[in-house]
Amino acid sequence: MPKPARAFPTLSTSRLLLRAPTAEDAAAFRGILSIPDVTRFSNWPDAPAKVVAERAMRWMCKAFPTGKGCAWIIEDRASKTMAGAIRYNWFVNRSKCGEIGYELHPDFWGKGLMTEAAAAVALCGHRFFELNRIEAWTLPGNTGSDRVLEKAGFRYEGTLRQKARFKGAYHDFRMFGRLAGDHAGQN
């Protein structure tokens, strides 16, 4: 008998609702990605075309059902508006490993909201997806994102020199990791 499909893991924190993405979220997500400060330290194109945002949202909507990843829209509970997105970009089931990435509208920066979202998604990764290791990377100079990851229980593990090429240049990746065993005592 086939295994019944699991329901999408909607996550709730004191200030945020992390819900499943829908195609209708593409325009708001594109609006966030169109802010230069949001994409400055990422591999997202600057001011992405409508088709890029729509393609990304289609992938985000399919990530969980296909088992390739999982994406959430971050909603601010107080205003009921989209604050950003966070996702597992990939899973390696054999290794029980995944990688997170995220974007947050600057109106919500400096309030600890992304740390709250990243911690909830990491806990979901360890418990719901049974991941042993969760990875994330930042670009040198992105101290805000470094702090988010560290406060969410990730450890800086080193820099991979010229790991990727995008936006016309090679980029070093500052690698962060979080292991399930590192956080066995946390709820």
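1. How are helix 1 and helix 3 oriented to each other? In this predicted model, where local features need pLDDT of at least 70, side-chain atom pairs count only at pLDDT 80 or more, and totals for chains, interfaces and linings use all residues, the two are oblique, a class left over once angles under 35 degrees (roughly parallel), over 145 (roughly antiparallel) and 65 to 115 (roughly perpendicular) are set aside. Residues are numbered from 1 along each chain as its sequence is written, and side-chain values use heavy atoms, with hydrogens and water left out.

2. The axes of helix 1 (residues 26–33) and helix 3 cross at roughly 120 degrees and come within 9 Å, the axes being lines fitted to C-alpha atoms over the stretch in contact, with angles from 0 to 180 degrees between N-to-C directions. Helices are DSSP runs (H or I, at least four residues), numbered from the N terminus.

3. Contact (heavy atoms within 4.5 Å) involves Ala26, Phe29 and Arg30 of helix 1, and Lys50, Ala53, Glu54, Ala56, Met57 and Met60 of helix 3. These residues divide into six nonpolar, no polar and three charged, where Asp, Glu, Lys and Arg count as charged, and Ala, Val, Leu, Ile, Met, Phe, Trp, Tyr, Cys and Pro as nonpolar.
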